Amino acid sequence: MTHSSKAKGKKIIARIVEYAVLIFASFWALLPLVSCVITAFKTPEEYQSTNVMTLPSSFAYIQNFIDAWSQANMALAFRNSVIILVFVLFGSILTGSMLAYVLSRFKFHGNALIKNLFLFASLLPGIAMQVSVYQIMYTLHWINSIPGYIVLMCGTDVISIYIFIQYFENISVSLDEAAIMDGCSYFGVFFRILLPLLKPAIVTVMILKGVSTYNEYYNANLYLQDKTKLVTVATSLYKFTGPLGNQYNYICAGVIITMLPALIMFLLFQKQIYSGLTNGAVKG
């Protein structure tokens, strides 16, 4: 066997192993989703008498989706989640970009210290500060308050601040100086000149913050305790859990319902999403 034949054989074996690993990883990644879809279309009798991977008798059975929507009050959950998501994204982008603008454009005593403190804050586990945060929320009467929960979720998003700082560092300071010489104020420089140039960073922050806010369960369950009026998408499905067992046929149907808006948004804006994430990961 010649050297070229051996090299070709090794290349084929490497390619086979590569595809085998990809297929195996894809299988384990898709298995929960497939089992969720299968369970969502089972009748209560089929759910009780079959295993999780047994196909339903018909995929036309949609009563689970109807019951999940009505019993979990998902219409109200989607309304609350959309309101929270819109205001959290607006607040996070505005405060994060303005903080990054100050830290990147203005050199003052303590600038580096503030950046390091933000980094230190990101290393602290959120659960370790929940006692203090809960006391603050209770003192301000923000328990069972959607506006209070929105303020909590806006918070100081360290990751967003650093993403914006990275983009500001790649925008020439001469733009600021030219605008100021023309009589533009600092607010005018930020809102009229720099903010439109941050579109890729804004898309990246919207994706990261939007997904985490939409899926947030711990804080929503802790601070929005009135589950009749202040339910969110993340907490609505816990209607079907209890000490006597969980109704996974309804839970899986509700999971699919909650996934549909995110899936539709991804399909509609996948070009902008890929562009934002790519630009957000590369400096320069």
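**Paired charges and their surroundings**

Modeller: Helices here are DSSP runs of H or I with at least four residues, strands are runs of E with at least two, and numbering starts at the N terminus. This is a predicted model: local features need pLDDT of at least 70, side-chain atom pairs need 80 or more, and totals for chains, interfaces and linings use all residues. Residues are numbered from 1 along each chain as its sequence is written, and side-chain values use heavy atoms, leaving out hydrogens and water.

Side chains of opposite charge can pair when their charged atoms come close. Glu18 and Arg15 do this: their side chains form a salt bridge at 3.8 Å, N to O. The cut-off puts a side-chain nitrogen of Lys or Arg within 4 Å of a carboxyl oxygen of Asp or Glu. Accessibility comes next: buried means under 20% relative accessible area, exposed over 50%, and partly exposed in between (1.4 Å probe, protein chains only). Glu18 has 44% relative accessibility, so this residue counts as partly exposed. Arg15 has 41%, so Arg15 counts as partly exposed too.

How many salt bridges does a search of the whole structure find? The search finds two. Arg105 and Asp176 make a salt bridge through their side chains, at 2.8 Å, N to O. Arg105 belongs to helix 4 (residues 74–105) and Asp176 to helix 9 (residues 173–181), so this pair ties together parts 71 residues apart in sequence. Arg105 is buried. Asp176 is buried as well.

Helix 10 (residues 186–197) holds Leu197. Which residues does Leu197 touch, leaving aside those up to four places away in sequence? Leu197 touches Ile171 and Leu175. Touching is a contact, with heavy atoms within 4.5 Å. Leu197 and Ile171 are 26 residues apart along the chain, and their C-alpha atoms are 8.4 Å apart. Leu197 has a relative accessible area of 42%, which makes this residue partly exposed.

Lys199 lies in helix 11 (residues 199–214). With a relative accessible area of 57%, Lys199 is exposed. From Lys199 to Cys36 the sequence separation is 163 residues, and the C-alpha atoms lie 36 Å apart.

Now the backbone. Most residues other than glycine have a negative phi. His141 is not a glycine, yet its phi is positive, about 60°. Its place is in the loop between helix 6 (130–139) and helix 7 (146–154). His141 counts as exposed, at 67% relative accessibility. Asn144 also has a positive phi, near 60°. Asn144 lies in the loop between helix 6 and helix 7. Its relative accessible area is 35%, so Asn144 is partly exposed.

Last, the whole chain. The chain has 14 helices and zero strands. From the N terminus on, the elements run α-α-α-α-α-α-α-α-α-α-α-α-α-α. The C-alpha trace spans about 75 × 75 × 35 Å along its principal axes. Of the 284 residues, 35% count as buried. Among contacts with a separation of 6 or more, 72% join residues 24 or more positions apart. The Arg105 and Asp176 pair is separated by 71 residues in sequence.
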